[in-house]
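Biologist: I have not looked at this structure before. Could you take me through its side-chain contacts and one of its pockets?

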Amino acid sequence: MEKDITLLLIGAGISIVSSFLTLYINRLLDRIGKLRIFYKIVCLPGGEEGGFYVDNDADMPTFTVPISFEFQNTSNSPRIIRNLNIYLYNDNVFVSKMVQAEQVINTKTSRNNPPIIKEYNFGADHGMYSFLVSPHSISAYNCLFTLSIPYSKINEYTFNHLRLTYNNEKDHKKELFLFNFNGNWKDALLPYEFDWSSPKYWRE
């Protein structure tokens, strides 16, 4: 009798361990695959290139980065990109984070016609810069990042390259190198790109 109970307990234990191992292996298999990010610099809604320009009303230089993203998920699990943003760096010194623009409104007027108002939305739903990427899918989004500073602080905000940052589904912060740029807050444009690029994860 005791022998039968012992065998029964051993069998139950093996079954439980086997179930946990199967679940663990399935989760590992679901994670196989990568989340890859592709980007290209595009034009502003009005057709202008990004880069530096001066707001005549505020008398402040503004840096704009109009950019399109494609998020490619080749795994069996949904992936999260939360709080996507661009950080400005001068070598390894953090300078500033940019502002995630939600919407741009363009108004065109003519003499004999009523003004034409067009709204351009950026990011995900409701202007969020957090994205859910479904398994085995590619998602595309248009984003716009801006930063305006007073002339008196130009020297404090000089930068030489841009990094892309986000938090993943485990809330781990990721940082990727985008591109070098002479951030001296003088007239300079970000030329429109026809080809997609893939940023590399930053390592000191």
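Biologist: Is Asp171 buried, partly exposed or exposed?

Modeller: This is a predicted model, and in it Asp171 counts as partly exposed, at 45% relative accessibility.

Biologist: Which residue does Asp171 form a salt bridge with?

Modeller: The partner is Arg82, and the closest N and O atoms are 2.3 Å apart. Asp171 is in the loop between β11 and β12, while Arg82 is in strand β4, so the two are 89 residues apart and the pair links distant parts of the chain.

Biologist: And how accessible is Arg82?

Modeller: Arg82 has 35% relative accessibility, so this residue counts as partly exposed.

Biologist: How many salt bridges does a search of the whole structure find?

Modeller: The search finds three. One of them joins the side chains of Glu169 and Arg79, at 2.9 Å from N to O. Glu169 belongs to the loop between β11 (159-167) and β12 (173-183), and Arg79 to strand β4 (residues 79-90), so this pair ties together parts that are 90 residues apart in sequence.

Biologist: Are Glu169 and Arg79 buried or exposed?

Modeller: Glu169 is partly exposed, because its relative accessible area is 27%. Arg79 has a relative accessible area of 12%, under the 20% limit, so Arg79 is buried.

Biologist: Which residue forms a salt bridge with Glu175?

Modeller: Glu175 forms one with Arg163, where the closest N and O atoms are 2.9 Å apart. Glu175 lies in strand β12 and Arg163 in strand β11, so the parts tied together are twelve residues apart in sequence. Both Glu175 and Arg163 are buried.

Biologist: Why would such side chains pair at all?

Modeller: Side chains of opposite charge can pair when their charged atoms come close.

Biologist: Back to Arg163: which ring does its charged end sit over?

Modeller: The charged end of Arg163 sits over the ring of Tyr89, 3.6 Å from the ring centre.

Biologist: Let us turn to rings, then. How many aromatic pairs are there?

Modeller: The count comes to 18 aromatic pairs. Tyr89 is in one of them, with Phe94; the arrangement is edge-to-face, with 5.7 Å centre to centre and 75 degrees between the planes. Tyr89 counts as buried because its relative accessibility is 9%. Phe94, at 40% relative accessibility, counts as partly exposed.

Biologist: What about Tyr129 and Phe145?

Modeller: Tyr129 and Phe145 also form an edge-to-face pair, 5.4 Å centre to centre with 65 degrees between the planes. Tyr129 is in the loop between β8 (116-121) and β9 (131-133), whereas Phe145 is in strand β10 (residues 137-148); they are 16 residues apart, and the pair links distant parts of the chain. Both Tyr129 and Phe145 are buried.

Biologist: Which residues do ring pairs link into a cluster?

Modeller: Phe52, Phe63, Phe159, Phe181 and Trp185 are linked into a cluster in this way.

Biologist: New topic: what is the volume of the second largest pocket?

Modeller: Its volume is about 230 Å³.

Biologist: Which elements give two or more residues to its lining?

Modeller: Those elements are β3 (60-73), β7 (103-108) and β10. The residues lining this pocket include Thr62, Thr64, Gln103, Val104, Leu144 and Thr146. Leu44, Glu48, Glu49, Tyr53 and Ala101 are also among the lining residues.

Biologist: How does that lining divide into nonpolar, polar and charged residues?

Modeller: The lining of the second largest pocket has five nonpolar, four polar and two charged residues.

Notes. Residues numbered from 1 in each chain as written. Predicted model: local features only at pLDDT ≥ 70, side-chain atom pairs only at ≥ 80, totals over all residues. Heavy atoms only, no water. Phe/Tyr/Trp six-rings, centres within 6.5 Å; stacked < 30°, edge-to-face > 60°. Buried < 20%, exposed > 50% of the residue type's maximum accessible area, 1.4 Å probe, protein only. Helix = DSSP H or I, 4+ residues; strand = E, 2+ residues; numbered from the N terminus. Lys NZ or Arg CZ within 6 Å of the ring centre and 35° of its normal. 1 Å grid on protein atoms, 1.4 Å probe; cavity = no way out; pocket = protein on both sides within 12 Å on 5 of 7 lines; lining within 4 Å. Points joined across faces, edges and corners; volume = space filled by probe spheres on them. Nonpolar A, V, L, I, M, F, W, Y, C, P; charged D, E, K, R; others polar. Salt bridge = Lys/Arg side-chain N within 4 Å of Asp/Glu carboxyl O.
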